[in-house]
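Thanks for asking me to look this one over. My notes are below, as numbered points to read beside the model.

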Amino acid sequence: MLCDLRQRSIYGGDDSQLLLYKDGASLPVRPLSMHSRRGLSSDDVRPAGNPVQGKVVEEKNRRVDALQHLFYFQYHILSHMACELRKDYLLDRWVIIAGGRNKRPSEFVKKVDENTSRKTCFFCPGNEETTPPEIWRIPDDAKKWGMRLFPNKFPAVSVEDGEHIGGLLECMPAYGTHEVLVETPVHGKSFADFTVKQMRDVLNAYETRIRELEATQGVGYVCVFKNQGKASGASIAHSHSQIITLPRIPPLVKAEVQASKKYFRENERCVFCDIAKKESAGERLVFKNKDAVAFTPYASRFPFETWIAPVKHARRIGDLDGRRSEFLAEVMVKTFGKMKSLLDDPSYNMIV
Ligand SMILES: [Zn+2]
Ligand SMILES: [Zn+2]
């Protein structure tokens, strides 16, 4: 494959979203020289030519990939610090500086045999008292739970008050809640091993909690994500998702919303419906059924980046009735299953 530059289809001429493709792998590139700062049309491909223009930025900070296209977490491991949002010197880009997260346990540091890890796992049944007090469990009040939700013991955000300080070193408190949803009592089970019904229950649990948190004062955005495997940034091996609330909509999500509104004004169609329709029939298709599709996006930014979406319009999980959420759950299970078998159970990050 030759080097070429692609633009994410829903972005309208934003240089930062241009990607350098080289030998089939995508790499982030710096903003391009002036002559290339034109709005590229959807599916626009042009030769990268001069490699200086496509200078690869080395990632120096450790980034939690789960929030890659939402928010960058920089783990400045300073245990004395509270959770804080810090602004870039120049750009409207904020990072969460989370003090105390270096105290998190890591089950991945040394290889623990499976039986020992079941006994000592914080998220396994029988060890419930090792987590902060439960918010809810499914089924409700059942001794034998299927899913448990509780606050993260080592949150990246907090509800502590703080000051908004302006100037060159601008910061404000990283106000929010950070919760953990253990989606299965079974240690070692991952989404790839779930049944469609179990996956649908997880989707319903996401929707329930998102709605509860959206109704909470001070919440501007709810982010659900999952780190699976050591390389993903997960510190506990037992399958779990994380739910973070933020006081404001992350700039990249805002940019996506604005770009999709622009697309609607120009085409009178929903951009996500158009993307799902186009990719349902294309060479980047991973799996599809009657109402959901998994595909690798045209301008993937990461190896094996995969998008999963309903084919017919839906604004949120809750818009899908029982049958449609089953279709979505099936595509998820199949996609994670394919990843597990083809890539030998890889680490990954999932963002809802
Ligand atoms: Zn466990
Ligand atoms: Zn749509």
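**Notes on salt bridges, strands and a helix**

1. A salt bridge here is a side-chain nitrogen of Lys or Arg within 4 Å of a carboxyl oxygen of Asp or Glu. Lys-334 is partly exposed at 37% relative accessible area, and Glu-330 is partly exposed at 24%. For these labels, buried means under 20% relative accessible area, exposed means over 50%, and partly exposed lies in between (1.4 Å probe, protein chains only). Helices (H or I, at least four residues) and strands (E, at least two) are DSSP runs, numbered from the N terminus.

2. A word on the basis of these notes: this is a predicted model, in which local features need pLDDT of at least 70 and side-chain atom pairs count only at pLDDT 80 or more, while totals for chains, interfaces and linings use all residues. Residues are numbered from 1 along each chain as its sequence is written, chains are lettered from A and ligands numbered from 1 in the order in which they are written, and side-chain values use heavy atoms, leaving out hydrogens and water.

3. How many salt bridges are there by this rule? The count is 20. In general, side chains of opposite charge can pair when their charged atoms come close.

4. Arg-211 makes a salt bridge with Glu-207, and their closest N and O atoms are 2.9 Å apart. Both sit in helix 2 (residues 196-214), 4 residues apart, or about one helical turn. Glu-207 is buried at 8% relative accessible area, whereas Arg-211 is partly exposed at 42%.

5. Glu-207 also meets Arg-316 in a salt bridge, at 3.0 Å from N to O. Arg-316 lies in the loop between strand 16 (307-310) and helix 5 (322-342) and Glu-207 in helix 2, so this pair ties together parts that are 109 residues apart in sequence. Arg-316 is partly exposed, with 24% relative accessibility. Together, Glu-207, Arg-211, Glu-214 and Arg-316 are linked in a network of salt bridges.

6. Now for the strands, which count as paired if DSSP finds at least two bridges between them. Strand 6 (residues 84-87) runs antiparallel to strand 7 (residues 94-97), and 4 bridges join them; here Glu-84 stands opposite Ile-97. Strand 6 is also joined by 3 bridges to strand 10 (residues 171-173), again antiparallel. In that pairing, Arg-86 stands opposite Cys-171.

7. Which residues of helix 3 are buried? They are Leu-252, Val-253, Glu-256, Ala-259 and Ser-260. Seen down the axis of helix 3, these buried residues fall within an arc of 125 degrees, so they line one face of the helix; the arc is that of the directions from the helix axis to the C-beta atoms. The face turned away from the buried side of helix 3 carries the exposed residues Gln-258, Lys-261 and Arg-265.
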